[in-house]
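Colleague: I am new to this one. Please show me the model, and I will ask how you know what you say about it.

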Amino acid sequence: KTLNPQWREQFDFHLYEERGGIIDITVWDKDAGKKDDFIGRCHVDLSTLSKEQTHKLEIPLEEGEGFLVLLVTLTASAAVTISDLSVNSLEDQKEREEILKRYSPMTMFHNIKDVGFLQVKVIRAEALMAADVTGKDSFNFCGSKYHSKSDPFCVVELNNDRLLTHTVYKNLNPEWNKIFTFNIKDIHSVLEVTVYDEDRDRSADFLGKVAIPLLSV
């Protein structure tokens with residue numbers, strides 16, 4: 001019940017060159033019991049912002065009225081990375097030599113917290129559960145036709161690092177072909193891989209999960 005809301009929420013994103021530097025923000029009016037109303041949208045082009053500095057932005061909403069006030073900070077972080085399966089840094093001989101040097105016995109005590117790193121290749125999923133029922137395909141008990149589908153994306157988590165794949169729409173056998181690289185600080189950590197169904201109007205639906213202790217790898 002306000003036209004001048006204050007959220008004061010902080011969101012941390014990992015920025016990857018392959019995805020570009022555009023953040024798309026949409027604003028909605030929440031309606032209980034029916035579809036939310038669209039209020040407006042805006043875009044933030046991160047390539048125009050200097051790094052290691054906090055920027056206060058006042059951005060007018062497109063397709064609506066008013067503006068958003070944001071604080072945006074770009075800072076370097078080498079904790080995690082993501083890339084396409086076709087770009088595997090471990091296959092680069094120079095990269096492999098740097099890694100071997102980094103974890104050689106001679107440098108064992110340079111950084112006690114840097115135990116190692118983990119690379120996870122998220123290739124695909126098969127025979128996922130259908131979370132959405134729309135369109136026409138299979139018959140229900142009343143004789144009507146419905147099409148069962150999901151819009152799956154995959155979340156990979158290690159400790160406080162959380163990375164996502166893109167969403168593959170209307171597919172129960174999605175292919176993501178992404179590589180996630182994490183720094184390991186505790187060999188007793190557990191890698192969690194969860195698949196969700198994207199739903200714009202409400203929270204994502206859970207489709208399945210796998211937990212892998214690092215000691216088992």
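Colleague: In which strand is Thr 194 found?

Modeller: Thr 194 is found in strand S12, residues 190-197. This is a predicted model: local features need pLDDT of at least 70, side-chain atom pairs count only at pLDDT 80 or more, and totals for chains, interfaces and linings use all residues. Residues are numbered from 1 along each chain as its sequence is written, and side-chain values use heavy atoms, with hydrogens and water left out.

Colleague: What makes S12 a strand?

Modeller: Strands are DSSP runs of E, at least two residues, and helices are runs of H or I, at least four; both are numbered from the N terminus. S12 covers residues 190-197. The protein has 13 strands and 1 helix.

Colleague: Why does Thr 194 count as buried?

Modeller: Buried means under 20% relative accessible area, exposed over 50%, partly exposed in between (1.4 Å probe, protein chains only). Thr 194 has 2% relative accessibility, so it counts as buried. Of the 217 residues of the protein, 30% are buried.

Colleague: Where is Leu 70 found?

Modeller: Leu 70 is in strand S4, residues 67-73. Among the residues touching Leu 70 are Ile 25, Val 44 and His 55. Leu 70 and His 55 are 15 residues apart in sequence and 8.0 Å apart in space, C-alpha to C-alpha.

Notes. Contact means heavy atoms within 4.5 Å. Lists of a residue's contacts leave out its neighbours within four places in sequence.
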